Structure formats: structure tokens, C-alpha cells
Amino acid sequence: MSLEALLVTDLVKYFDSQNYKSFKGIKAPTEYTNKKAFGLMDKEDPFIVEEANGSVTYKNDLQKNICITNYEEFINSLPKSLQIGKKRCDFLVYQDDNNSFFILNELSQSRNIDAKESDALYQLQNTLENLCSVDTIKSIINSCRQRLCVFSNKVKPVEAPLGMTAGFNMTYSTVMLDAITFEFDGINIHGFEYYRANCIDIGESIKLKNC
């Protein structure tokens, strides 16, 4: 069974084992791509967007078949009573036909990155706790070689009249720095690494960068 289906069945059952069969309209919107480069944008339909338009950039030079599930919209489709107290990351990124990676991705375009990151950590942690509480989902996750929680914060370039900042923005946007992992017990305990990165390169192994 696909992850999309397991969210709608097994995870919803975990949330409310007494009433889950009576729930209507629950969905886990999932989109697919094998583009060499693409972006993700929350609160957009479709949420897979052109590389330059996303809050995060994915590089996929090997043109792998990538699945992206909108976890936030999944939680939002639950009955209101079940949404209470459930923090949620934006997207789950993975492959249905391969166990190479599983990514929880929280997006932002905030200029106050430290404050937003604090919220993002607990959104990622709570999402991970719920996913790992369901054996069928946990089995899929644990089979993946790389398991990552990623906070992506891509700030739009500063705009100014007469192109005064254009040179700075061009220089800034071409500088790519390797992302480093940060320790966070609530994430690490589940076998995941945490990164702050706005460019995710899906190659033979996942490489994360900031620009």
C-alpha cells in the first residue's frame, strides 16, 4: 500500500480508532515528478512549481521518480477535533519504488529565520512522532537509507528601484554552501538527521546546500 493510502487509513485510525471509519473527505494530496529541477511551494495548487518559484529547490539530475505528499493539507482535511494539538510539516518527499530516502520538509520565506526555525523544529518533530507511531508507516521510513528533516527558508531577493540591489542579489544567489546537520533530540531519536537547507540535491545520495 502506498504511503498516501496509509496516511488516510492507518494514520487516521491511529488518531481516532473509534470513529475513523465514519470520516469523510480525508485526503493526502500527492504529486509526482521526474524533472531535473523543481521547487515546492506550500498553499499552492499544484504545489510542485518551477525551480525559481519555490521556497525550496530540488535538483534531480538522475530524473528519479519523486513522490511529494502535502502533509499539511492531509492534517487540514481531518475533522477539526482531530487537528487540535497536531503540528504539521509541509511536505513528505520520497520514492514509492525505492528505499533510498525519506524527507520531511518544512518551508518558509521568513527574514526572521531563527524564530521561524524554532517553530519548524517542533512541526517536524510532531509529524515524525505521529508517522513513527504507526507500524506500517514506520516500516517504510526505517527501510530508507537516508532519513532527513529539513527546514527550508528561501528569502526573496530584495527589490529596490533602478536595480540598485541587482548586483548584490546576483552574487548572493550564486553562492552555494554545504548545509551542516544540527543535533535535535526529538528528531535524532527516530533515526533522522536535521538540516537547515534550501537546496536539496537528489543524486546517488542526498546532498543539501544553502544559497
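Which residues is F102 in contact with, leaving aside its neighbours within four places in sequence? They are L3, L92, V93, Y94, L131, I141, C144, Q146, R147, L148 and F192, where contact means heavy atoms within 4.5 Å. The model is predicted: local features need pLDDT of at least 70, side-chain atom pairs count only at pLDDT 80 or more, and totals for chains, interfaces and linings use all residues. Residues are numbered from 1 along each chain as its sequence is written, and side-chain values use heavy atoms, with hydrogens and water left out.

**Overall fold and surface**

- The protein chain contains seven helices and 13 strands; helices (H or I, at least four residues) and strands (E, at least two) are DSSP runs, numbered from the N terminus.
- The C-alpha trace spans about 60 × 35 × 35 Å along its principal axes.
- Of the 211 residues, 46% are buried. Buried means under 20% relative accessible area, exposed over 50%, and partly exposed in between (1.4 Å probe, protein chains only).
- Among contacts with a separation of 6 or more, 66% join residues 24 or more positions apart.
- The 23 positive and 28 negative charges have mean positions 2 Å apart. Lys and Arg count as positive and Asp and Glu as negative, while His and the chain ends are not counted. Each charge is placed at NZ of Lys, CZ of Arg, CG of Asp or CD of Glu.

**Nonpolar cores**

- In soluble globular proteins, nonpolar side chains tend to be buried together. A nonpolar core is here a set of buried Ala, Val, Leu, Ile, Met, Phe, Trp, Tyr and Cys residues joined through side-chain atoms within 4.5 Å.
- The largest nonpolar core has 36 residues, and L7, F74, L92, F102, L104 and L131 have the most contacts inside it.
- Two or more residues of this core come from each of α1 (3–15), α2 (71–76), β6 (91–94), β7 (101–108), α4 (113–131), α5 (135–142) and β8 (146–153). The most come from α1, which gives six residues.
- L92 is in contact with L3, L7, C67, I68, T69, Y71, F102, I103, L104, T127 and L131, leaving aside neighbours within four places in sequence.
- A second, separate core has 22 residues, including F38, F47, I68 and L208.

- F102 lies in strand β7 and is buried at 0% relative accessibility.
- F102 and F192 are 90 residues apart in sequence, with their C-alpha atoms 9.2 Å apart.
- I141 belongs to helix α5 and is also buried, at 0% relative accessibility.
- Not counting residues up to four places away in sequence, I141 touches F102, L131, C132, R147 and F192.
- The C-alpha atoms of I141 and S100 are 9.9 Å apart, at 41 residues along the chain.
- S100 sits in the loop between β6 and β7 and is buried, with a relative accessible area of 6%.
- Leaving aside neighbours within four places in sequence, S100 is in contact with K64, Q95, C144, R145 and Q146.
- S100 and C89 are 11 residues apart along the chain, and their C-alpha atoms are separated by 21 Å.

**Loops and backbone geometry**

- Most residues other than glycine have a negative phi, and most peptide bonds are trans.
- D45 and P46 are joined by a cis peptide bond with omega about 0°; P46 lies in the loop between β2 (37–40) and β3 (48–49).
- K43 has a positive phi, near 60°. K43 is placed in the loop between β2 and β3 and is exposed, with a relative accessible area of 64%.
- Q63 has a positive phi of about 50°. Q63 lies in the loop between β4 (56–59) and β5 (66–70) and is partly exposed at 43% relative accessibility.
- N198 is in the loop between β11 (193–196) and β12 (199–202), and is buried with a relative accessible area of 5%.
- Not counting residues up to four places away in sequence, N198 touches S55, V56, T57, S152, N153, K154, K209, N210 and C211.
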